[in-house]
Amino acid sequence: MGRRVTGSAGRVGRWRRRLAWVAVLGLAALLLASVPWLWTTVSARGHLYDEAEAPAVDVVIVLGTAVTEDGRQPGVRLAGRLETAAELVHSGRARAVLVSGDGGGASGDEPAVMTSYLTEQLGVDPRRVVADPYGLDTYDSCVRARDVYGVERALIVTQSYHLSRAVTLCRHLGLDVDGVTARCSGCGPTLLVQKAVRDYFASGKAAWDAVRDRPPAVRSPLDPGVQDALKD
């Protein structure tokens, strides 16, 4: 009888030790996976602003995202980004807008929709808007702003869940960038949580792109569009 109790206790002890090791390994994996997110979060500190507190610069970069199903209007999140950028222009905090997105993606021509919305519905002077149709992701938007459009100092506009990653990537690439939190009046809490989780995992790709100094998906010659937009 005593041996059976001892054997049972031994098995329980072994299972407890195995569970402890699983817990330790799981915690270690979680911490390792969190390093890129921590990098983007910590690096962006001191460079994030609300719309009303944003510093004055020459250029504001608006990052693209989904348009409506008919391909004619910006989706809720994109509209909020554009409305924020337009207010920065109208309040004198920016002089030109670089809209950067996917010109041939499944969601439609993002930069074309962005340009139309800014100029036709938000009252931004068309001469002040420049479109980059090859900002295929956040990293590409940053590196192309630097290498193709000659941007050195800018504000970058996107929603809060995306802002730290965007600012960190651009600054890592040598742009003197501050982030401005975009409006998102139609974004419910469920959507924001989903996007925050997605961005947590996207930080890993951002870190990998930065470490290996990935070239943009599309290379283009120098474009004077932004400099022309800044001419009085």
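1. Burial first. A residue is called buried when its relative accessible area is under 20%. C170 has 1% relative accessibility, so C170 counts as buried. The model discussed here is a predicted one.

2. The partner of C170. A disulfide joins C170 to C142, with an S to S distance of 2.0 Å. The two cysteines lie in distant parts of the chain, 28 residues apart: C142 sits in helix α4 (residues 138-147) and C170 in helix α5 (residues 160-172). The link of C142 and C170 is left-handed, with -85° about the S-S bond. C142 is at 0% relative accessibility and therefore also counts as buried.

3. The other disulfide. The structure holds 2 disulfides. In the second pair, C184 is bonded to C187, and their sulfur atoms are 1.5 Å apart. Are these cysteines buried or exposed? C184 is buried, at a relative accessible area of 19%. That value falls under the 20% cut-off, so the label holds. C187 is buried too, at 12%. With the bonded cysteines numbered in sequence order, the pairing reads 1-2, 3-4.

4. Helix α2. This helix covers residues 76-90, which is 15 residues. From the first C-alpha to the last, α2 reaches 21 Å, close to the 21 Å expected at 1.5 Å a residue. After α2 comes G92, whose phi is positive, near 85°.

5. Cover on α2. How many of the 15 residues of α2 are buried? The count is 11, and α2 is mostly covered. Among the buried residues are R77, L78, A79, G80, R81 and L82. T84, A85, A86, L88 and V89 are buried as well. In an α-helix there are 3.6 residues a turn, so residues three or four places apart point the same way.

6. The largest pocket. Its volume is about 510 Å³. The lining has 27 residues, and those closest to the pocket centre are G64, D137, T138, R165 and R198.

7. Who supplies the lining. Helices α2, α4, α5 and α6 (189-211) each give at least two residues to the lining of the largest pocket. Which helix has the largest share of that lining? α6 does, with 7 residues. Two of the contributing helices, α4 and α5, also carry the cysteines C142 and C170.

8. The residues around the largest pocket divide into 11 charged, 8 polar and 8 nonpolar.

Note on methods
Residues numbered from 1 in each chain as written. Predicted model: local features only at pLDDT ≥ 70, side-chain atom pairs only at ≥ 80, totals over all residues. Heavy atoms only, no water. Helix = DSSP H or I, 4+ residues; strand = E, 2+ residues; numbered from the N terminus. Expected span 1.5 Å × (residues − 1). Buried < 20%, exposed > 50% of the residue type's maximum accessible area, 1.4 Å probe, protein only. Disulfide = S-S within 2.5 Å. 1 Å grid on protein atoms, 1.4 Å probe; cavity = no way out; pocket = protein on both sides within 12 Å on 5 of 7 lines; lining within 4 Å. Points joined across faces, edges and corners; volume = space filled by probe spheres on them. Nonpolar A, V, L, I, M, F, W, Y, C, P; charged D, E, K, R; others polar.
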